[in-house]
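Hi,

Here is the structure I said I would pass on.

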Amino acid sequence: MTTMERTHAPILKVRNAAISYETRHTDVEAVRDVSFDVHRAETFGVVGESGCGKSTVAFGIVDFLGPNGKIVGGSIKFQGQELVGRSQDELRKLRGDQISMVYQDPMQALNPSVTIGDQLAEVLTVHRGIPKPEAWQKSIDMLDRVYMPDSANVMKRYPHQISGGQQQRVVIAMALLNNPALLIMDEPTTALDVTVEAVVLDLIEDLKRDFDTGIVYITHDLGVVARVCNYVGVMYAGEMVEVGSVESIYANPMHPYTQGLMRCVPKLGATKESSILYPIRGRVPAPQDRPKGACIFAPRCDYATDRCHNEKPQLRQLETGHSARCFYSETIDAGTWEPPAGLVPEFEADVGQEDGREPIIRLSEVKTYYEQESKSLLSLVGAGEKRYVKAVDDVSLEVPPNKTLGIVGESGCGKSTLAKTIIGLETPRDGKAQFLGFDLTVPVSGRDVKLIEELQMVFQNPDSTMNPSYSVGHQIGRPLRRFNVVPKDQVRDEVVRLLNAVRLDGSYYKRLPRQLSGGEKQRVGIARAFASRPDLVLCDEPVSALDVSVQAAVLNLLLEIQRDYGTTMMFIAHDLSVVRFFSDYVAVMYLGHIVEIGPAEAIYAPPYQPYTEALLSAVPIPDPTAEQKHIRLHGTVPSALDPPSGCPFHTRCPRRDLLPDGGKICEEQIPQWQYNSEEHRIFCHIPLEELRKIEPVVTSD
Amino acid sequence: MAVSEQTIPKQAAQPSRWRQLWEGLSIVFESKIAVAGLVIILFWIFVAIFAPLLTPYTPTEQDYTAQNQGPSAKHPLGTDSLGRDIWARLIYGARVVLIMLPVTETFWLPLGTAIWGVLLGLLVGSTLGLMGGYLGGWVDEVVMRLLDAMMAFPVVLLYMIIIAAVGASATNVVLAIAIVGTPGIARLVRSLTLDIRTRDYVRAAEIRGESPWYIMFVEILPNARGPIIVDAMLRVGYAIFAMGTLGFLGLGLPPPSPDWGSMVAKGRQYILSGSPWAALWPSVAIGSLVVGLNLFADGLSEESTRYQ
């Protein structure tokens, strides 16, 4: 798709752009020396970790830098016209309605108090002076073009009445109504679930062709880039370090940073070994700490020489349409790279000799419901009908000691409620839950200290996992003191030991959380969870808020600590590639039910439960050559307040037609567990023989 | 092994406690509004502390040869109807407001009446707000509805009812300020608690099986301190205003102690007969201190939210 000749003049031409922000003390150079072209009907991906300046580039193009940001150098030409140095009025005329922007959160782009139809039609009536009835009809047509089901009715609804994926489609439709020459998309799918993301990405791919629009696509996700972009610019610390076509960059990354990024992105590989992540050592420097007059990546580079520390490399063309900012691009080869000693923990063959041991935790038919107050007058006096959100419905699972169970599913599938139930923050209505002989259906306030000690948790959000008022040492020390893990006078030594175990040195003892980076906070959170030497640690999306290079380091750290402490883990995540790398067993959840559970290898290979299959085929794979099955789920996840009868997935199941009379049984009866092997079971009506015939979702070489 | 992120050293050294404190204070100096407010407040604290050195008179010393005089070299701000020096009464009056709380004739506590009132209100209000916000359920309903009922009374009326019930004295004024301030503080703390209780570190504490009191006071309260401090500043201002009102209505400190409100009330009748000084200066004092505290609180909240 990218073999197209780039002969026409580019629609957007950025040359050596430099953007700075004024702060209280000095100017911060957020972006410098960025150059790229965007052509019609082409997607240019800007990819990089947080804080590397990719959003600043986008805001620079439309001059939304805010009162303290300004373009301090270079040139940005839109359709041949210079944008830098013009006044706001001139810019507005130049841009006209030719540049549109789509942001990450659709709910913030849509006005919640105006119907979707009015918001869409307004774009045309205000910008173009088109009369209302015509504008209304055009808006409906546009909604149809972004594959909005039931578009005429959606026009009459308010934004909160449609799902997140549909909201983002409305925003895209709104951006396209003026038929812009350039569309800037800033992480448009990051807030969406993976199956919804897949549909939106397909849409973006189609639009580029249909509308002849140039797209600047900003994302941190290398998998998404591989799926939608033609050309990619990799940004690091405010500079563009590599630019080229998607195929050539993924096949042959020429900058050490790009190579490093590729190695630390989890791939949906076939085996656990091929999924090992190699983090990039060090961290992204803050703007004021960036090396001047030197290669910006040199402090973290495995190939750095004296020259790299003393001279700044320029972006130079190495092949047609592929440039990199490195002195040694010709000699370094990602294929011959060897991880430096100790970069990743060594994984022993397996602790498999202990197979067949009693499971450490066993849940059977656990149900956790939330009571929903109806708003009627009767319920005020306590006589109203009570309704329940069935967040966890009939979950049975067990985990052998020293193993990791990954729990995957989209948002709202009940995986966090399951974790809360196990940890004791929610009380199940029904079912049995045993852990080391303790009863887990008791809330945490009624649990024995011994049990509390053995069951700990690692949280998702690095910014709220630490109490900002106390030092790191104090917070890790608290569980040690509370559970009397060590004598009082040894608490400090034990904290330092734990800090070392998570690869932080003793100087962190006195630091406050605001002095730590996201990855460091997450490490401290891990140290705190392991302080009481628990037997079971629940990890609730522990890396989803981290950048890929930091994510890899934290995941490796968790694996290493698990090995050293012999801990059992339950790992909750929405990212199937991370779970693949991390887990021995995987459970797939949908609407409060586990629909498939088994050893990781078995989950990622046929026979699949149809939902697992759909999830796998939606995962963006950071490899433009990988073949992936194209299964898209339609509609939205039904409300857990009123789940579908029979199989919870029957309303969206793409495989129902494998059953006689279109899967009538799915609507009527709850499926039985089918055992593919002793450990691998599937919750589906379709016979295993049929499911086994299905091809693997991903075939890559 | 080097799987770590800290291979690139962060800052060279850990900043000391003093340095951190200084950085906190430097936020105040960023805002001109806050500095202006602080100057006014410090002025009043200064004159209150050094009152005996700043005037040769005592606040109750009467001079029948010099009644209702305007400012002069002998009496910088003039005298009142009994010939007492207004400057002396003003700065001794500031002591009661800002730096000392007379409990009995001979025993007094440091910190002024207004500040004690707000502190007591903070103690009760924060506790109720934390309980309502964190425990939720019927505790929340009961506590908040009771406080709502209190808020239904006009503030001045509530002050008068309380003082009328328990009698006029400095400690009772403290009590009145605390009672009137409690519902507002409780509402603020409750709303902050509702936000903070969703943070992961609170969940971590729950998972450790910590008691609700530990979670409320050790995990949640310290992180609500910013808005609470700003609110308390404003409340000290309101409290000074309330003290002025009570004094004016004759419900403040019993005479002849120098009370700004009662000074205004006494001086009021001489305004039209050509001696406005006795009423003017205490009014200016109350006004300037309230404005000063408001400016300081405003500047502080603006700066602390801007750079978070």
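I'll start with one helix. The buried residues of α17(A) are covered by, among others, α18 and α19 of chain A. (Helices here are DSSP runs of H or I with at least four residues, strands are runs of E with at least two, and both are numbered from the N terminus. A residue is buried if 20 or more other C-beta atoms lie within 10 Å of its own, exposed if 12 or fewer, and partly exposed in between, with C-beta atoms placed from the backbone.)

Before going on, some housekeeping: this is a predicted model, so local features need pLDDT of at least 70 and side-chain atom pairs count only at pLDDT 80 or more, while totals for chains, interfaces and linings use all residues. Residues are numbered from 1 along each chain as its sequence is written, and chains are lettered from A and ligands numbered from 1 in the order in which they are written.

Back to α17(A): it is largely enclosed by the rest of the structure, because eight of its 11 residues are buried. Among them are Val472(A), Gln475(A), Arg478(A) and Pro479(A). Just after the helix, Asn484(A) has a positive phi of about 50°.

How do α17(A) and α18(A) pack? Helix α17 (residues 472-482) and helix α18 (residues 491-501) of chain A sit at an angle of about 115°, with their axes 9 Å apart. (Axes are lines fitted to C-alpha atoms, for helices over the stretch in contact, and angles run from 0 to 180 degrees between N-to-C directions.) On the α17(A) side, Gly473(A), Ile476(A), Gly477(A), Leu480(A) and Arg481(A) meet Val491(A), Glu494(A), Val495(A) and Leu498(A) of α18(A). By class, that contact has five nonpolar, two polar and two charged residues. (Ala, Val, Leu, Ile, Met, Phe, Trp, Tyr, Cys and Pro count as nonpolar, Asp, Glu, Lys and Arg as charged, and the others, Gly among them, as polar.)

Next, the two chains together. In total, 40 residues of chain A are in contact with 21 residues of chain B. (In contact means C-beta atoms, placed from the backbone, within 7 Å.) Helix α17 is one of the elements that each supply at least two residues to the chain A side, but α20(A) gives the largest share, four residues. That side divides into 18 nonpolar, 12 polar and 10 charged residues.

Now the domains, whose bounds come from an automatic or database domain assignment. Chain B has domain 1 (28-62 + 70-111 + 259-308) and domain 2 (112-254), with C-alpha centres 26 Å apart. Between them, 25 residues of domain 1 are in contact with 25 residues of domain 2. On the domain 1 side, α13(B) provides the largest share, 10 residues, and the classes there are 19 nonpolar, five polar and one charged.

In chain A, the C-alpha centres of domain 1 and domain 3 are 33 Å apart, and 21 residues of domain 1 are in contact with 16 residues of domain 3.

Last, the largest nonpolar core has 290 residues. (Such a core is a set of buried Ala, Val, Leu, Ile, Met, Phe, Trp, Tyr and Cys residues joined through C-beta atoms within 7 Å.) Helix α8 (residues 170-196) of chain B gives the most to this core, 13 residues. Ile177(B) is among the residues with the most contacts inside the core; leaving aside neighbours within four places in sequence, its contacts include Ala114(B), Val118(B) and Ala242(B).

Cheers

Terms used. Contact = placed C-beta atoms within 7 Å.
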